[in-house]
2 protein chains.
Amino acid sequence: MSPARRRGLGLEELLEGIAERKTRALARAVSLIEDQDPLRDQLIRRLYPSIGGARVIGITGPPGAGKSTIVDRLAHLLRQEDQLVGILAVDPTSPFTGGSILGDRIRMQRLYTDPGVFIRSMATRGAMGGLARATLDAVDLLDAAGYDWILVETVGVGQDEVDVVRCVDSVVLVTLPGLGDDIQAIKAGIMEIADLFVVNKADREGSDRAVRDLEMVLSLEESRDPRPPILKTVASRGEGLPQLLDELRRHQEWLRSDGELERRRRSRLRLRVENLLKERVLVAVDRVVGLDSTLERAFADHEDPYSVAERLFNAVGASGPREE
Amino acid sequence: MSPARRRGLGLEELLEGIAERKTRALARAVSLIEDQDPLRDQLIRRLYPSIGGARVIGITGPPGAGKSTIVDRLAHLLRQEDQLVGILAVDPTSPFTGGSILGDRIRMQRLYTDPGVFIRSMATRGAMGGLARATLDAVDLLDAAGYDWILVETVGVGQDEVDVVRCVDSVVLVTLPGLGDDIQAIKAGIMEIADLFVVNKADREGSDRAVRDLEMVLSLEESRDPRPPILKTVASRGEGLPQLLDELRRHQEWLRSDGELERRRRSRLRLRVENLLKERVLVAVDRVVGLDSTLERAFADHEDPYSVAERLFNAVGASGPREE
């Protein structure tokens, strides 16, 4: 039985609690999304007509760049204007190390008492690869619940996280001085899609150099309109954060005036549909032939992965009418 | 037409060149694997009966930890014993930044002249998510070609890279002193599966602390047998590398004596089959209904991703006999 139903909370009650932005209902809905609860599909389907109003911002960058501090500061600034803020921290940290839970608790102590803020770490237990799916479902959830701004924080390396970053409206890449060549490895796939660059901890030595490095890398791009701004911040003291928020607002306006927002949300739908199709094919194969036993035999027979995949795919009848 | 065929190199010739470890044939085969060339399936199927002999080592860790230097040093040590060494650097760096190509060239200058070493960066152009698939195919390729050791180097964050690390025989996690709490974010999902820990740049301040931190994190694990060793190295001067190689050999022996090698290779097959199934379902959907046009309409109709995915999945007839 699903966790939501085990506690006697049905879909209708859950939807009601979400509409009222009740923390317990929202938290339960996120857990249900993470756990691939059977209620999940229905939940997202019912919420979907209400989505589209939130400004979805991705904050990404290497560990230690100060993403959490920037997110918290932005949240405080937005709260001063009575904007409702949802924060999702995409955290690939494993249950074993428990990093996410600790960090989450510390942050909760500061923001949890404000009913206008919902904050949550996203993690997936068990099945890997579902983190992007779960995070994008959670964005829908908070959007439908009426949060004005949704800040999605992620380390931004790897498929799941790149998927998430490709699905937000505005992407902020946070770096710090002195990262040197290491930034090459971190920014993989993110550099091209970042809309705003931030050099945080700008009171440290090397911040001008870091800005110049970014300018140089950006100048290699033949044309990007608008040119992404590069900002310096010292998030721990709140310096540069109002400017960042201004730039985010400017970017959001541009998105809406240019048709770019629609283009981005269309690619968000595409990525989500693709991920769901991948999830479904594995479920179907397992139901029809039993994945474990089939793989056991294939391994014993030293069968190659391509032959096994072809056989399994045909077994679920997924060849379709027009396939050769 | 596929690149391999365009240059008049058929499957048989390619297989012949691979068996003789001709650099051109190997490089072409890797490109064909990366590009999802139609010849790819046949290639892996034909090579598969010859695989299984190589020792496949994953070297992972944050940017700047010195993974490449460790890999190069290990390769040199192995070459002194006339072992054939294949090196695959999993590189999610985008074509835009071009970091991988540069790094590759510098390394090639040192090792390229040795015919007993094959070195290659793995990257995927276009379709994301295929990096794990391509890398594991390339491991098969080098294994079948007769390389004794295959060293797979990866930053080790994100789904694709974690997938790769889960598919090697022995996993080495490289860290460095002074990483502090940042290691929490880097080691995501890797800590639990690392077989050997290395604190590189151990001549820097804080190396004892780094070892203690690792020991503490490992002590949280209830039982792991064998307990993963923690080694200090200064790879730039070759210090600690012979010890690392000894430990790797010891781990390889344990894998073979314990049945663990078989367990790991079974899960490698599983992951690869799953990835191929995911690839296939998207291809099938696109053939049958045309993914672009369907998504265009779905977006215009504000249809939710779950409904779209269900409709598309049913369209390719992938419901299978026993699905409800």
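Analyst: One definition to begin: domain bounds come from an automatic or database domain assignment. For chain A that assignment gives domain 1 (1-50), domain 2 (51-258) and domain 3 (269-319). The model is predicted, so local features need pLDDT of at least 70 and side-chain atom pairs count only at pLDDT 80 or more, while totals for chains, interfaces and linings use all residues. Residues are numbered from 1 along each chain as its sequence is written, chains are lettered from A and ligands numbered from 1 in the order in which they are written, and side-chain values use heavy atoms, with hydrogens and water left out.

User: How many residues do domain 2 and domain 3 of chain A put into their contact?

Analyst: Domain 2 of chain A gives eight residues and domain 3 of chain A gives five, where contact means heavy atoms within 4.5 Å.

User: What area do they bury between them?

Analyst: About 540 Å², with 53% of it on carbon and sulfur atoms. Buried area is the accessible area (1.4 Å probe) that two parts lose on being put together, summed over both. On the side of domain 2 of chain A, A:Arg133, A:Leu136 and A:Asp163 supply 60% of the area buried against domain 3 of chain A, more than any other three residues.

User: How many salt bridges cross that interface?

Analyst: The rule finds three between domain 2 and domain 3 of chain A. It asks for a side-chain nitrogen of Lys or Arg within 4 Å of a carboxyl oxygen of Asp or Glu. The side chains of A:Arg272 and A:Asp137 form a salt bridge at 2.7 Å, N to O.

User: Which helix gives the most to the domain 2 side?

Analyst: Helix α7 (residues 131-144) of chain A, with five residues. Helices (H or I, at least four residues) and strands (E, at least two) are DSSP runs, numbered from the N terminus. Chain A has 14 helices and seven strands.

User: New topic. Where is A:Arg21?

Analyst: A:Arg21 sits in the loop between α2 (11-19) and α3 (23-34) of chain A. A:Arg21 is not a glycine, yet has a positive phi of about 55°. Most residues other than glycine have a negative phi.
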